[in-house]
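Visitor: Hi! Could you walk me through this one?
Guide: Happy to. Here it is, and then we can start with a term we'll need.

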Amino acid sequence: MANTLPERTPALPSRGDNRGMDRAEISRLAHARHPIAAPVSADRAKALLRRLAPPGGSRVADLGCGQGEWLLTLLEVASGVRGTGVDSAPGALASAARSAARRGLSGRVAWHQADAATWADGEFAAVLSVGASHAFGGLDGALEAIRGHLAPGGRVLFGDAIWEAPPTAAAQAALGAGASEFPDLAGLVERVEKAGFEPIGGHVSTREEWDDYEWSWTGTLAEWALRRPSGDEDRTEALAAARTHRDEWLRGYRNQLGFVTLVLQDVRVPQDVTA
Ligand SMILES: C[S@@+](CC[C@H](N)C(=O)[O-])C[C@H]1O[C@@H](n2cnc3c(N)ncnc32)[C@H](O)[C@@H]1O
């Protein structure tokens, strides 16, 4: 299963030979001005996170946390809560740790470089996972994994891709995704319900959020490339990645790929109510 957001594009090779720029490094640079690696504004993210309302003293986990922006914002709005961020990319986790230090949150958060599909550390009052379903083999695998980490009755912030319109051949080619790879909004909500979660809030990314995100992704990467000396290999690679990505967005999936972020309530009865 491919990634659902810009990291997936063919312009971003995953290098095993330690030469040149790999996908994770390109992604880290591209997100410098938009640390949420999804088309969601900072204000909207904060409003969604407030709905999680984890109790003071509880633990929350973010699976595929990237640069940690969702988790750190949650710690800022939920006093006394401790966070654990899990991601496979060391560069993103290093950025997350720096950001936590800048915001005075280092003492309340731990970062783990691990495969989120196999990592385990008990139950959490709330679980976040935004744009990372590919780590679990897709939507259903992600929901099942989230449930495995969640205390009964806990809440979830879950973000994933949807088709907002039947995808054209150009959109499918740009994303390397078939028409059946993503559900539409109703289809995604149906699968969320089947997995034992009730949506209690949600947000479909707007055109403005998508455009802000894509301009930021491509523009920040291009700007970084253009600061490097001519003839520099990373300059050439990063600029090519920014241009290819912009083309795939504008000629391919713009207005067809959507993104939804849901606040979910686990329908199981919390243990402290049944006890
Ligand atoms: C689109 S980014 C989303 C990051 C973050 N949730 C956000 O919204 O800002 C997807 C993240 O999943 C991470 N990832 C991909 N596969 C993973 C795996 N198997 N285990 C842990 N993290 C993974 C990537 O490194 C990347 O940081």
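Guide: A crossing is called left-handed if the near helix is turned anticlockwise from the far one by less than a right angle, and right-handed if clockwise. This is a predicted model, where local features need pLDDT of at least 70, side-chain atom pairs count only at pLDDT 80 or more, and totals for chains, interfaces and linings use all residues. Residues are numbered from 1 along each chain as its sequence is written.

Visitor: Thanks! Which way does α8 cross α9?
Guide: The crossing of α8 past α9 is left-handed. Helices here are DSSP runs of H or I with at least four residues, strands are E runs of at least two, and both are numbered from the N terminus.

Visitor: And at what angle do the axes of α8 and α9 cross?
Guide: At roughly 160 degrees, with the axes of α8 (residues 207–226) and α9 (residues 233–253) coming within 8 Å. Axes are lines fitted to C-alpha atoms, for helices over the stretch in contact, and angles run from 0 to 180 degrees between N-to-C directions. So α8 is roughly antiparallel to α9; angles over 145 degrees count that way, under 35 as roughly parallel, 65 to 115 as roughly perpendicular and the rest as oblique.

Visitor: What classes of residue make up that contact of α8 with α9?
Guide: Ten nonpolar, two polar and three charged residues. Nonpolar covers Ala, Val, Leu, Ile, Met, Phe, Trp, Tyr, Cys and Pro; charged covers Asp, Glu, Lys and Arg; the others, Gly among them, are polar.

Visitor: How about α1 and α8, what's their angle?
Guide: About 100 degrees, with the axes of α1 (residues 23–30) and α8 8 Å apart. They are therefore roughly perpendicular to each other. Ile26, Leu29 and Ala30 of α1 meet Trp217, Thr220, Leu221 and Trp224 of α8, where contact means C-beta atoms, placed from the backbone, within 7 Å.

Visitor: Switching topic: which residues come nearest the ligand?
Guide: Of the 23 residues around the ligand, those are Ala37, Gly64, Gly66, Gly131 and Ala135. A residue is near if its C-beta atom, placed from the backbone, lies within 6 Å. Elements giving two or more residues to this shell are α3 (69–77) and β2 (82–87).

Visitor: Why is α3 largely enclosed?
Guide: Because seven of its nine residues are buried, Trp70 and Leu72 among them. Buried means 20 or more other C-beta atoms within 10 Å of the residue's own, exposed 12 or fewer, and partly exposed in between, with C-beta atoms placed from the backbone.

Methods:
Two residues are in contact if their C-beta atoms, placed from the backbone, lie within 7 Å.
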